[in-house]
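Open the model in your viewer and keep the selection tool at hand. This tour goes stop by stop, with what to select and what is there.

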Amino acid sequence: FVICFAPPSFIDFPEPFLVLANAFPQSKIIGCSTAGEIIGQVISEDCLVGAVVRFKETMVEYTSTLVEGSEDSFQAGERIGNTLNK
């Protein structure tokens with residue numbers, strides 16, 4: 001399971017994400033945009049920060065849903081929960 005944090009400008013610069021996907025071909029990769037990335041005790045901008053998590057016996061799945069606005073957030077959580085509830 002790989003988690004990436006990057007500035008919104010990386011939407012036009014997919015190469016680092018392709019490198020991660022090639023390095024971890026069996027992993028689920030998720031990410032989100034940030035206004036700053038924290039590496040140790042340093043706050044940076046315009047860089048990608050990632051974390052790799054390995055589970056011994058856990059299956060990882062992901063899904064997504066559209067959130068129309070803050071009033072839809074509870075229902076969005078329900079939709080995601082229902083999708084992942086196997």
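Select Ala21. This residue is partly exposed, with a relative accessible area of 33%. (Buried means under 20% relative accessible area, exposed over 50%, and partly exposed in between, with a 1.4 Å probe and protein chains only.) Ala21 sits in helix α1, residues 15-23. Ala21 and Val2 are 19 residues apart in sequence, yet 9.1 Å apart in space, C-alpha to C-alpha.

Before moving on, a note on what you are viewing. This is a predicted model, where local features need pLDDT of at least 70, side-chain atom pairs count only at pLDDT 80 or more, and totals for chains, interfaces and linings use all residues. Residues are numbered from 1 along each chain as its sequence is written, and side-chain values use heavy atoms, with hydrogens and water left out.

Colour by pLDDT, the predictor's confidence in each residue, from 0 to 100. The protein averages 87, and 100% of the residues score at least 70.

Next, select Ile29. It lies in strand β2. At 27% relative accessibility, Ile29 counts as partly exposed. Show its contacts, meaning heavy atoms within 4.5 Å. Leaving aside neighbours within four places in sequence, Ile29 is in contact with Val2, Cys4, Leu20, Ala21 and Tyr62. Ala21, from the opening stop, is on that list. Tyr62 is 33 residues away from Ile29 along the chain, but their C-alpha atoms are separated by 9.0 Å.

Go on to Thr34. Find it in the loop between β2 and β3. Is Thr34 buried or exposed? Thr34 counts as buried, at 18% relative accessibility. Not counting residues up to four places away in sequence, Thr34 touches Phe5, Ala6, Pro7 and Pro8.

Now pick out the cysteines Cys4, Cys32 and Cys47. How many disulfides are there? The count comes to zero, where a disulfide is a pair of cysteine sulfur atoms within 2.5 Å. The closest cysteine sulfur to that of Cys4 is in Cys32, and at 9.3 Å it is too far for a bond. For Cys47 the closest is in Cys4, at 12 Å, again too far for a bond. Cys4 is buried, at 2% relative accessibility. Cys47 is buried as well, at 18%.

Select Asp72. It lies in the loop between β5 (49-52) and α2 (73-84). Its relative accessible area is 13%, so Asp72 is buried. Beyond neighbours within four places in sequence, Asp72 is in contact with Leu66, Val67 and Arg79.

Step into helix α2 and select Gly81. This glycine is partly exposed, with a relative accessible area of 36%. Thr63 is 18 residues away along the chain, and the two C-alpha atoms are separated by 9.3 Å.

Last, turn to the pockets. Rolling a probe the size of a water molecule over the atoms shows where empty space is left. On a 1 Å grid over the protein atoms alone, a pocket is an open set of points where a 1.4 Å probe fits, with protein on both sides within 12 Å along at least five of seven lines; lining residues have an atom within 4 Å of a point. Grid points are joined across faces, edges and corners, and a volume is the space filled by probe spheres set on the points.

The largest pocket holds about 250 Å³ of space. To see its lining, select Phe1, Phe24, Gln26, Ser27, Lys28, Val52, Val53, Arg54, Phe55, Thr58 and Val60. Six of these are nonpolar, three polar and two charged. (Ala, Val, Leu, Ile, Met, Phe, Trp, Tyr, Cys and Pro count as nonpolar, Asp, Glu, Lys and Arg as charged, and the others, Gly among them, as polar.)

The second largest pocket holds about 210 Å³. Of its 13 lining residues, the closest to its centre are Ala6, Ile11, Phe17, Cys32 and Ser33. β2 gives the most to this lining, with five residues. By class, the lining has 11 nonpolar, two polar and no charged residues.

Terms used: Helices (H or I, at least four residues) and strands (E, at least two) are DSSP runs, numbered from the N terminus.
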